[in-house]
Amino acid sequence: MYQTTYHRASSVDEAASLFAKGTEAKYLAGGHTLLPVMKQRLASPSDVIDLAKIKELIGIEVSADAVTIKAATTHYDVANSADVKKAIPALADLASLIGDPAVRHRGTIGGSLANNDPAADYPAAVLALGATIKTNKRSIAADNYFKGLFSTALEDGEIITAVSFPIPVKAGYAKFPHPASRFALTGVFVAKTKSGDIRAAATGASENGVMRVGAIEAALKANWAASALDSVSIPATGLISDIHGAADYRAHLIKVMAQRAVAAAG
Ligand SMILES: Cc1cc2nc3c(=O)[nH]c(=O)nc-3n(C[C@H](O)[C@H](O)[C@H](O)COP(=O)(O)OP(=O)(O)OC[C@H]3O[C@@H](n4cnc5c(N)ncnc54)[C@H](O)[C@@H]3O)c2cc1C
């Protein structure tokens with residue numbers, strides 16, 4: 001056994017101040033990653049600071065140009081938001097595919113992005129839509145946020161407060177889920193932005209975590225159609241090979257998931 005002090009913060013400022021006082025503090029949101037890690041003794045924080053009940057971290061706002069999801073909003077709430085379904089249906093669809101009902105009711109977008117699991121779903125949407133991660137200190141563009149496996153631009157103690165997704169002209173997401181966890185063996189999010197840019201991001205595939213896929217983007221820029229990807233070949237270099245799938249299998253999945261995502265986007 002080791003001792004941990006649990007704190008329920010009531011504001012972002014209070015959470016940040018509690019973090020600064022702890023010797024080895026950790027924020028807690030849905031707990032779907034942090035608690036298993038603690039149970040396995042891979043983390044033994046001195047202080048656990050619960051963000052889940054902070055009102056300013058919960059909710060979804062939609063304007064003409066963006067969907068802003070506050071950090072402690074659950075996957076269930078995103079999946080079932082009529083506003084998200086209308087503005088970016090692919091994002092609601094992605095949230096509905098995360099894990100199982102228990103995971104979706106507790107897991108949060110902020111926890112998912114702070115953790116940056118290489119097979120998590122949200123990073124693909126954040127990168128493909130060119131979202132902005134807002135923290136208690138600054139705003140971070142998606143292109144500068146993901147730094148590798150379980151690694152992000154967040155500084156020690158920095159709190160994600162919200163994620164702002166520009167509303168695209170079209171977007172779609174498709175994943176080949178691991179049959180047990182539902183994490184992405186490979187998932188691809190494609191988007192056509194209002195400025196005419198085409199962005200595609202793959203999760204679950206690369207040894208460096210979520211990545212943009214230039215070959216998919218170039219082909220879709222020439223012709224936004226699933227068939228435009230027929231002749232695209234994705235190199236297996238740098239892709240994950242593990243007991244669930246070899247690198248060349250994941251390379252093939254990137255192309256197939258991208259085609260399904262384009263078909264879903266319409
Ligand atoms: C069985 C199972 C299946 C799953 N399947 C999927 C899946 O298919 N797809 C998928 O994408 N995910 C999946 N997940 C992960 C899940 O979706 C959660 O999103 C993820 O575990 C982290 O979110 P959380 O809110 O639970 O964070 P927590 O576990 O509470 O925290 C995770 C990390 O983020 C930090 N943190 C939390 N909130 C913030 C914040 N606002 N600012 C800064 N740091 C913060 C914590 O300190 C901790 O280090 C699965 C999880 C389980 C247990």
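In the predicted model described here, residue N80 is found in the loop between helix α3 (75-79) and helix α4 (82-87), helices being DSSP runs of H or I of at least four residues, numbered from the N terminus. N80 is partly exposed, with a relative accessible area of 41%, where buried means under 20%, exposed over 50% and partly exposed in between (1.4 Å probe, protein chains only). N80 and G59 lie 21 residues apart in sequence and 12 Å apart in space, C-alpha to C-alpha. Residues are numbered from 1 along each chain as its sequence is written. Local features of this predicted model need pLDDT of at least 70 and side-chain atom pairs count only at pLDDT 80 or more, whereas totals for chains, interfaces and linings use all residues, and side-chain values use heavy atoms, with hydrogens and water left out.

The chain is divided into domain 1 (5-50), domain 2 (57-166) and domain 3 (170-265), with bounds that come from an automatic or database domain assignment. Nine residues from domain 1 and 13 residues from domain 2 take part in the contact between these two domains (heavy atoms within 4.5 Å), and the centres of domain 1 and domain 2, taken over C-alpha atoms, are separated by 20 Å.

Between domain 1 and domain 2 an area of about 830 Å² is buried, 70% of it given by carbon and sulfur atoms, buried area being the accessible area (1.4 Å probe) that two parts lose on being put together, summed over both. On the side of domain 1 that touches domain 2, helix α1 (residues 12-21) gives the most, with four residues.

How values were computed:
Helix = DSSP H or I, 4+ residues; strand = E, 2+ residues; numbered from the N terminus.
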